[in-house]
Amino acid sequence: MNSNFKHFNDNMELPKLSICIATYNRGQFIGETLDSILGQIVSDVELVIVDGASPDNTPEVMAQYLLRYPEIRYFREQENSGVDGDYDKAVGYARGEYCWLMTDDDLLCPKAISRVLESINGAFDLVVVNSEIRNIDFSMVLKTRFLQFTSDREYATKDGEKFFSDVANYLSFIGGVVIKRNLWMERDRSSYYGTLFIHVGVIFQHPPINKVKVIADPLIIIRYGNAMWTSRRFEIWMFKWPQLIWSFPDFSDQSKSVACCKEPWRQIKKLILYRAIGGYSLSEYSHFMAGRTQGLSRGVYMAIAMFPATIANFFASLYCVCMNRNARSGFYDLSRSRHATWASRFLARFL
């Protein structure tokens, strides 16, 4: 047990940092995440976990940890409020000056907490933590740095446009966000319930956040391909994420296009990729595409949805090997797809 891990009450100095986790149905993974955190906890850090009424064995897993670490503040909700609502609850329960919105299946790197504590000296409203991307069992590195920064960066109010173009795309990953709790609580959050990216709405709404620091060293290891929303990825990345990014009034279209294009669903190349990984079929075409298109383009989009997915998977894999060898995460998606064949998996050996 970590002797530095302690209870806080109203008569004590409140923690500097609250690590806030919203979890749902992660009984298989959350223990490994907690193990990576608990060994690093120091006296001015608390751990807050909101369980959105998980029907799996998450309560049993947490009960074991609470026996060993009663200082963990575990809140099991009566009903699930969605990822946005549950993270908002976690920040609401937290008592730290800053809240780190950590994910429930990824890992903290050694000394990650001490590195963040060094950075949250009150001078910044927001600290963004870089991450490394690995495969689902952490055995293979897919990307050493999600953000291609080699040194820390700081952004003042006048740099808001630069911060948005540099970092908005990365912030689709909530685990990199460390934000002042008071700032979070003062901002509009309810408008972003249901977006799946409440933190992005809080960060980029008007007025811009004044002082931001980005830590270039990866302090988190992402378990790629394990997101709860994987089955909805077409809807999310083709519609929900672009709609959110393009809704912010304080940033130029040029900066928004760096984060993501306005209507990615119109790109034939993306549709073929989603067809290849099993994310785009006649179901998605009927639900999301048919009503938005007409004429020849509608026919093309429908044809892609009907194209044999195994063939699309093979040619997309061949493209990655021959033309885009840096797309390791994309190739990882292709090789794990139910449409992958022995040929696609054979090509994976060349990356």
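Start with Leu 17, which counts as buried because its relative accessibility is 0%, below the 20% cut-off for that class. The model is predicted. Leu 17 belongs to strand β1, residues 17-23. Show its contacts, leaving out residues up to four places away in sequence: they include Asp 44, Val 45, Glu 46, Tyr 98, Trp 100, Ile 113, Leu 117 and Val 178. For a distance check, select the C-alpha atoms of Leu 17 and Arg 76; 59 residues apart along the chain, they are separated by 21 Å.

Next, select residues 30-38, helix α1. Of its 9 residues, 7 are buried, so the helix is largely enclosed by the rest of the structure. Colour Ile 30, Gly 31, Thr 33, Leu 34, Ser 36, Ile 37 and Leu 38 to see the buried ones. They pack against β1, along with β2 (45-51), α2 (58-68), β4 (98-102), β5 (107-108) and α4 (112-119).

Go on to strand β9, residues 177-180, where both faces are covered. In a regular strand, side chains alternate between the two faces of the sheet. Here Val 177 and Ile 179 lie on one side and Val 178 and Lys 180 on the other, all of them buried. Val 178 is also one of the contacts of Leu 17. Which strands pair with β9? One is β4, antiparallel to β9 over 3 bridges; within this pairing, Lys 180 is the bridge partner of Tyr 98. Another is β6 (residues 126-134), also antiparallel and joined to β9 by 3 bridges. Select Val 127 to find the residue opposite Val 178.

Now move to Thr 293, in the loop between α11 (282-289) and α12. Is Thr 293 buried or exposed? It is buried, because its relative accessible area is 6%. Its side chain reaches the backbone oxygen of Met 289 at 3.1 Å. Beyond four places in sequence, Thr 293 touches Trp 265, Arg 298 and Tyr 301.

Finish at the surface. Select Ile 268, Ile 272, Leu 296 and Val 300, which form a nonpolar patch with about 350 Å² of accessible area together. Helices α10 (268-277) and α12 (295-306) each supply at least two residues of this patch. Ile 272 is found in α10, and it is classed as partly exposed because its relative accessible area is 37%, a value that falls between the 20% and 50% cut-offs.

Notes
Residues are numbered from 1 along each chain as its sequence is written. This is a predicted model: local features need pLDDT of at least 70, side-chain atom pairs count only at pLDDT 80 or more; totals for chains, interfaces and linings use all residues. Side-chain values use heavy atoms; hydrogens and water are left out. Patches are made of residues with over 30% relative accessible area and no salt bridge: like charges are joined within 9 Å, nonpolar side chains (Val, Leu, Ile, Met, Phe, Trp, Tyr) within 5 Å. Accessible areas come from the Shrake-Rupley method with a 1.4 Å probe; for residues, only the protein chains shown count as cover. A salt bridge is a side-chain nitrogen of Lys or Arg within 4 Å of a carboxyl oxygen of Asp or Glu. Helices (H or I, at least four residues) and strands (E, at least two) are DSSP runs, numbered from the N terminus. Buried means under 20% relative accessible area, exposed over 50%, partly exposed in between (1.4 Å probe, protein chains only). Contact means heavy atoms within 4.5 Å. A polar contact is a pair of N or O atoms within 3.5 Å; within protein, one must be able to donate a hydrogen and the other to accept it, and residues adjacent in sequence count only if both atoms are side-chain atoms. Two strands pair if DSSP finds at least two bridges between them.
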